[in-house]
Amino acid sequence: MARSLLSHFPILSSSTSPLASSLSCAITPSKCFARRLFVRPKASSSQCFCTLSLSEPAASDTSSSARKRMVSGVQPTGSIHLGNYLGAIKNWIELQNTYDTLFFIVDLHAITLPYETQELSKATRDTAAIYLACGVDTSKASVFVQSHVRAHVELMWLLSSATPIGWLNRMIQFKEKSRKAGDENVGVALLTYPVLMASDILLYQSDFVPVGEDQKQHLELTRELAERVNYLYGGRKWKKLGGKGGTIFKVPEPLIPPAGARVMSLTDGLSKMSKSSPSDQSRINLLDSKDVIANKIKRCKTDSFTGLEFDNPDRPECNNLLSIYQLVSGKTKEEVAKECQDMNWGSFKPLITDALIDHLHPIQKVLQEQQK
């Protein structure tokens with residue numbers, strides 16, 4: 001009999017996981033994806049010895065899991081910057097009140113590039129602490145570490161057998177990183193990690209995945225892969241051979257926030273804010289002090305246009321800074337546009353600096369208390 005995935009879940013709370021009803025160990029062989037993928041439909045065996053098991057989407061709907069399910073993960077940098085926070089974590093705080101939510105730290109994704117074991121372990125713990133400090137409530141959401149759930153990599157291997165290599169070769173991020181590093185310095189995992197991402201999502205029969213505009217391609221691969229598996233192993237042809245038929249995976253939809261999905265660099269409004277940038281001046285880190293934040297905003301790139309405005313393609317830095325101000329101040333886009341339309345940079349920079357400091361202070365306070 002398949003073992004329960006719940007035994008692998010390090011929930012950072014004593015509360016019951018909302019997955020209990022759908023990830024039961026009492027999964028019959030006919031509902032095990034691994035058997036449906038590799039065992040002939042008319043096999044007479046009545047036992048399944050697979051570690052991975054997936055209940056049918058329709059069968060797992062109960063009154064306790066009636067809410068739509070959403071999953072999301074962030075790599076364990078240990079030093080979350082404003083782009084990570086505004087683009088993902090801040091939205092989680094609101095979404096956990098609406099959806100059946102699973103937030104996890106994707107440490108397996110982090111090892112696609114060179115890393116130090118001890119640093120990765122510490123960064124994983126620090127990232128979990130930041131989740132909680134930002135407001136993720138473990139009485140509402142499940143929080144866990146990706147590598148602690150073995151089914152992620154087990155499902156990845158099964159999905160890899162159904163993934164055309166051409167689908168992976170077209171991934172833009174792989175092309176960019178492999179071109180920079182060279183073929184001899186790029187591991188196979190960098191090519192195949194979109195399949196692991198698909199596993200992260202499909203494993204939990206997710207309805208929605210919050211993504212930024214730059215991540216839509218990876219989610220689209222997940223959707224295509226779900227549809228492919230449903231066709232190959234749940235379609236009419238499989239049913240005619242004696243299989244159960246029916247949908248195996250839900251096809252997830254993207255959940256794109258109206259603002260903040262792509263926070264840009266402070267030194268280049270056309271580049272995404274990233275920890276990989278060699279200059280710390282390009283980003284606001286969640287743990288930056290008041291003086292550091294003020295200095296970075298004072299020195300950030302601006303332009304020489306009169307007034308401030310959203311959505312002018314010739315003013316990417318202006319649009320980025322106004323968007324950041326909108327998100328940390330809690331104001332609407334229209335309110336910010338009206339407030340700032342006649343401002344110059346000399347009057348706006350102190351305004352956004354104060355808004356950033358006020359917004360990040362409660363998070364920093366909680367993290368400082370955790371460290372005592």
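Is E339 buried, exposed or partly exposed? In this predicted model, E339 has a relative accessibility of 29% and so falls in the partly exposed class. That value sits between the two cut-offs, since buried means under 20% and exposed means over 50%. E339 also has a partner: its side chain meets that of K331 in a salt bridge, with N and O 2.9 Å apart. K331 comes out as partly exposed too, at 30% relative accessible area.

Salt bridges can also share partners, and here they tie D280, R283, D288 and K296 into one network. Searching the whole structure turns up 15 salt bridges, and a couple of others are worth a look.

Take the pairing of R315 with E309, whose closest N and O atoms lie 3.3 Å apart. How much relative accessible area does R315 have? The value is 0%, so R315 counts as buried, because anything under 20% goes in that class. E309, on the other hand, has a relative accessibility of 33% and is therefore partly exposed.

Definitions and conventions:
Residues numbered from 1 in each chain as written. Predicted model: local features only at pLDDT ≥ 70, side-chain atom pairs only at ≥ 80, totals over all residues. Heavy atoms only, no water. Salt bridge = Lys/Arg side-chain N within 4 Å of Asp/Glu carboxyl O. Buried < 20%, exposed > 50% of the residue type's maximum accessible area, 1.4 Å probe, protein only.
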